[in-house]
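Reader: I'm new to reading protein models, so could you walk me through this one slowly?
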Amino acid sequence: MWVGMIEFDLRLGEVHSLKDKRSVLRPLIADVRRKFAISVAEVDHLDLHRRAGLGVALVSSERSHVVEVLDAVERLVAYRPEIELLSARRTLAHPAVD
């Protein structure tokens, strides 16, 4: 079993309130869930209206599949014109099984 996680630090464009922030993040989160059927949630900078932290996670039997999906998610986030991707931190784990 392989577990893959990626955490995005984002700066949002023309956002002036938390309501505006949600109107930018909600479609992005929905796109990731719909296209990849994986877990995604806002995980950081909850009280700031121009910053957001998104966490994405998936589990697969193959490492290559995890890497492929995380690459695709990162491209999807990076190419959104209303979002500036400040950083993306990845973690891949192959937990030991007793």
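Author: Let us begin with a term: a residue is called buried when its relative accessible area is under 20%. Please keep in mind that this is a predicted model.

Reader: Okay, so how many residues of strand E3 are buried?
Author: Seven of the 10 residues in strand E3, which covers residues 51-60, are buried, so this strand is largely enclosed by the rest of the structure.

Reader: And which strands pair with E3?
Author: Strand E1, residues 2-12, pairs with E3 in the antiparallel sense over 10 bridges, and in that pairing Phe8 stands opposite Leu54. Strand E2, residues 39-44, is also antiparallel to E3, with five bridges, and here Val40 stands opposite Val56.

Reader: What lies between E2 and E3?
Author: Six residues lie between these two strands, which form a hairpin, and His45 in the turn has a positive phi of about 55°.

Reader: What's the order of the strands in the sheet?
Author: The open sheet has four strands in the order E2-E3-E1-E4, with antiparallel pairing. E2 and E4 (83-93) stand at the edges with a single partner strand each, so one side of each has no neighbour in the sheet. On average, neighbouring strands are turned by 20° against each other, direction ignored.

Reader: Where does helix H1 pack, then?
Author: Helix H1, residues 18-36, packs on the sheet and touches E1, E2, E3 and E4, while its direction makes about 150° with that of E2. Helix H2, residues 63-78, lies across E1, E3 and E4 and runs at about 170° to E4.

Reader: Switching topic, how many aromatic pairs are there?
Author: The structure holds zero aromatic pairs, although Arg63 does lie over the face of Trp2, at 6.0 Å from the ring centre.

Note on methods
Residues numbered from 1 in each chain as written. Predicted model: local features only at pLDDT ≥ 70, side-chain atom pairs only at ≥ 80, totals over all residues. Heavy atoms only, no water. Buried < 20%, exposed > 50% of the residue type's maximum accessible area, 1.4 Å probe, protein only. Pairing = 2+ DSSP bridges. Phe/Tyr/Trp six-rings, centres within 6.5 Å; stacked < 30°, edge-to-face > 60°. Lys NZ or Arg CZ within 6 Å of the ring centre and 35° of its normal. Axes fitted to C-alpha atoms, helices over the stretch in contact; angles between N-to-C directions. Contact = heavy atoms within 4.5 Å.
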